[in-house]
Amino acid sequence: MRHFIHHRFCLSLVTMALLGFVVLVAVQSTRANPGLAIVQDDQRDQELLRSRYPAARADKTIFSPLDLPTPNRMRTASGLPGEDYWQQQVDYRIEVSLDVEIESVTATAHVTYTNNSPQDLPYLWISLEQNLFRPDSDGSRFAPPGSRFDNRPGFEGGIDIGYVRTGDTNLKLAIHDTVGRIDLAEPVRAKGGTTEFDISWSFRIPDYGADRMGIRRCEQGNIYQLAQWFPAVCKFDDVHGWNTLPYLGQGEFFTDFGSYDVKITAPRGHVVCATGVLRNAEEVLSEKQLRRLIQANTSRQTVMIRSAREIGTEAAAKPGEGPLTWHFQADKVRTFAWTSSDATIWDAASVIQEDGKTTLVQSVYPTESRTAWRESTQMLKHSIEHYNKKWFPYPYPTATNVSGIVGGMEYPMIIFCMEDTDPEGLHMVTSHEIGHNWFPMVVNTDERRAAWMDEGFNTFMNSYDRYDIYEAEVNGGEMPDEDTGFNARNMARLMSRPNVQPLALPADQIHPDWLGMLAYYKTATAMQMLREVVLGPDRFDPAFREYIRAWAFKSPQPADFFRCMENGTGTELAWYWRGWFLENIPLDQAIVDVDQSIASGLARITIANHREMVMPVSLEIEFTNGETLEHKLPVHVWYYTNLWTADVEIGDRTIQQVVIDPNRVMPDLNRRNNKWTAPKKKDAAAGPDDGSKQDGDGNDNGDGNSP
Ligand SMILES: [Zn+2]
C-alpha cells in the first residue's frame, strides 16, 4: 500500500506537528527543571549518574534479551524455519464474469484446502472482504468519515453468497462481518489431508473500494480494479491458529500460498490483466495484438500492444461478437487480483532473469495518464532489475502496473498505482508497489498484525532503488533521505513525542495520522540506520538476504526476523529492536567535558546519554593544527552507565573542538549539547578545561531542550 500523503505534504505536516511540540516541551522543561538544560558541573554529573538512563525496566535494561517465544522445531533459535515447519496450501479454480451494465461480478470457485498442520480441522474460516462495503460493517463505522479506508459515500455493497457445498452436501456458513466460518461435513485430516468445497458469490463493485479496488471513469471508458474480491480461506498457522482479524481498512491481508486457475469473462473490447500468466492469448487477442505480445516477450524495449488510437475502434479487440473469457494461471501466490477495461492503452517489455527465465512487464493506463505512464513499463522493469540484483530474484513470470482509482496497492504480479502527470511521482509509487512483491508477496508476513514487516522493509528497499535511479548518494550528508521524509531530524521529533505509539502494533491499532511515519518511514529508517551506521552493509546484507531467502514462500513472525538478523550478523541487537521497533523513545547524545590536563598526549572526553534510547557514538576531534581524528565508541559504553569517559591519544596536538555525531545521522533530539569548543585562552596559566563550554551554534535540533 502506498503511503498516501505525498512526501512534500508529509514533511510540512511533520514541521507543523513539531512547532506545537517545541512549544510544549519548552514550557514543560522550564516548569519542571529550568537548570537542567545543559550539563556543565559536577553536581549535574552526579545527578546524571543517579538518574540512570536508559531507565531500568522492571527486571531488565534496554540491553536485556527480548521476551521472544521459545524456539522450537518450526521456528528455530537462529530465526530460520525448522525441520518441522508447515503451512497450509489453498488452491482455487474460479470462474468470474464482469457485468458492466450493473457493475457487479458473479463468480463460482472450487477450493481445495490442504491441511499440513498437526491437527484435524473441523471448520475453516474465510475472509469476506467485500463486506467492508456494507454501510453497517465494522470497518464502515470504525473509519473516520471520508477517510482513505472509509466505505464512501455510504456505498451499499457487500458479498452475496449463493451456495457453499461439498459435492451435493450444503455446508453451514456463519458470516460475521468480514469473516465467515464454514463447518465441514468431515474434519480435514492433519498432516496432508485435503478438503474441497464449492462456493458461489456476487457483489456490486464500489466506485471507491477503500483505496484497494474500484472503478475509474475515464474519457474512453472505465477501468475496473478487482482485489480482495473472492472468499479467501484465512491463514491457519502455528502461532495464532486461525488468523481472523477483521478487514477494517488499514490492515491489508494475510493468507496462505496456493495456485489459482481463473477464467474471467469480460466484454469484448476490454483488456484484462491479472495475477499470473495469460493462458489463452490466441483466443482473446487480435492477430496484431498477439504478434505484438510475442514480440514484447523478448524485448527490452517497450512494445505497444494496444495504442491510444486503437481504443474504441475495431482494432481494440479480437473481431467477433459477445464477451471473451480470459484464462489466467498463477502458482505460489497469496491472492489473486485483476483489472478489466475498455479504456486502457497496453504496452509491455520483458526482464531477462539470471537463470534465463523472462518476466513479462506490462502497463495498462488510460489516455489521460499518458504523460507519466508512457515510462511506466520501463520504470517497473528498472525496479525489478534493481531488487533482483540487490536482494532476491523476482520469482514470477509477469508484472503488471495498472492505472486506476486506487492510489497505490500491491497484489502478486499486479500493482495498482495512480499518478497521471508526474513521472518521478509515478516512479516512486511503482517502485514501492512492485517492491511489495518481495515483502509480503514472497516473504509472506501478517499485514494486519505487522504492517512494518512489509511496508517498512519495502520502503527501506525503495530508498536504494530511488538512489539508483536518481544517482543520489545513500548517505550524502544527512541520512536517510531528506526528500522522502524519513531523515534524522524528523525521526528525532517523532521519537520524542510522548503520545506516539511504538511501530510494531497491528495496523488497525495505529492512529491513522501515524501509520505512514511508523510502519513506513520509521521502520525504513531503522533498517537503514542498522545497515549504514550500526552494522555496515558487509555485515547487514548477507543476513537480510538470508532472511529473504530462508523465508521466501513461507511466513516469518517478528521474532523470526529479529533472530535471523542477530544470528546472520553475529550481533546481539535487543537494544536496537527495543529502541527502534518495540518502544517509542528518544535519543540524546551529548558531550559533557574535554580534559587535556590528565597526562601528556592524552585527552579525556566525557560523553552522556541523556534519554532512553542508546546508539553507538561517533566523535570528531578537531585539533588546533587543522588535523581531525575520528573516534568511535561501541554501544556497549552504555551497558551500565549514562556517563562515559573515553581516553583518546592525541600526541602533541591540542584539541580545538569535539563534535558528537558529526555527520548528523543520529535522531538526536538535542544537538545543542553535541559540540565542545576549547575556551579562548586569556592567559597562559589557564587550564585547558577552564571555562570550556558546549557550543550552541549549528544547531538544527535545538527544539528538544531535553533535560
Ligand atoms: Zn505499501
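## Loops, sheets and a zinc site

Asp661 sits in the loop between strand S31 (655–660) and strand S32 (675–677). Helices (H or I, at least four residues) and strands (E, at least two) are DSSP runs, numbered from the N terminus. This is a predicted model, in which local features need pLDDT of at least 70, side-chain atom pairs count only at pLDDT 80 or more, and totals for chains, interfaces and linings use all residues. Residues are numbered from 1 along each chain as its sequence is written, and side-chain values use heavy atoms, with hydrogens and water left out.

**Backbone features**

Asp661 has a positive phi, near 55°, although the residue is not glycine. Phe553 is another non-glycine residue with positive phi, near 65°. Its loop runs between helix H12 (537–551) and helix H13 (558–569).

Two cis peptide bonds come next. One runs from Arg152 to Pro153, with omega near -5°. Pro153 lies in the loop between helix H3 (138–142) and strand S4 (159–166). The other joins Phe439 and Pro440, with omega about 10°. Pro440 is in the loop between helix H8 (423–435) and H9.

**Zinc site**

Which protein atoms are the donors of the zinc ion? They are Met1 (N), Met1 (O), His432 (NE2), His436 (NE2), Glu455 (OE) and Glu455 (OE), at 1.9 to 2.8 Å from the ion. Donors are N, O and S atoms within 2.8 Å of the metal (3.2 Å for Na, K and Ca); water is not among the atoms, so sites may look incomplete.

Along the chain, the donor spacing reads M-x430-H-x3-H-x18-E. The pair Met1 and His436 links distant parts of the chain, 435 residues apart. Met1 is in the segment before helix H1 (7–32), and His436 is in the loop between H8 and H9.

Why is the arrangement irregular? The six donor atoms subtend angles of 52 to 159° around the zinc ion, which makes it so. Four donors count as tetrahedral if all angles lie between 85 and 135 degrees; four count as square planar and six as octahedral if opposite donors are over 155 degrees apart and all others between 65 and 115; anything else is irregular.

Asn458, in helix H9 (residues 452–470), touches Ser431, His432, Gly435, His436 and Phe439, not counting residues up to four places away in sequence. Contact means heavy atoms within 4.5 Å.

**Burial**

Buried means under 20% relative accessible area, exposed over 50%, partly exposed in between (1.4 Å probe, protein chains only).

| Residue | Relative accessibility | Class |
|---|---|---|
| Met1 | 2% | buried |
| His436 | 0% | buried |
| Asn458 | 0% | buried |
| Phe553 | 15% | buried |
| Asp661 | 4% | buried |

**Sheets**

Two strands pair if DSSP finds at least two bridges between them. An open sheet of eight strands has mixed pairing and the order S5-S4-S8-S2-S1-S15-S19-S17. Ser97 has Thr265 in S15 as its bridge partner.

An open sheet of five strands is antiparallel, in the order S9-S10-S11-S20-S16. Its edges are strand S9 (208–209) and strand S16 (271–274), and each pairs on one side only. Four bridges hold S16 and strand S20 (residues 338–341) in antiparallel pairing. Here Val272 stands opposite Ser340 in S20.
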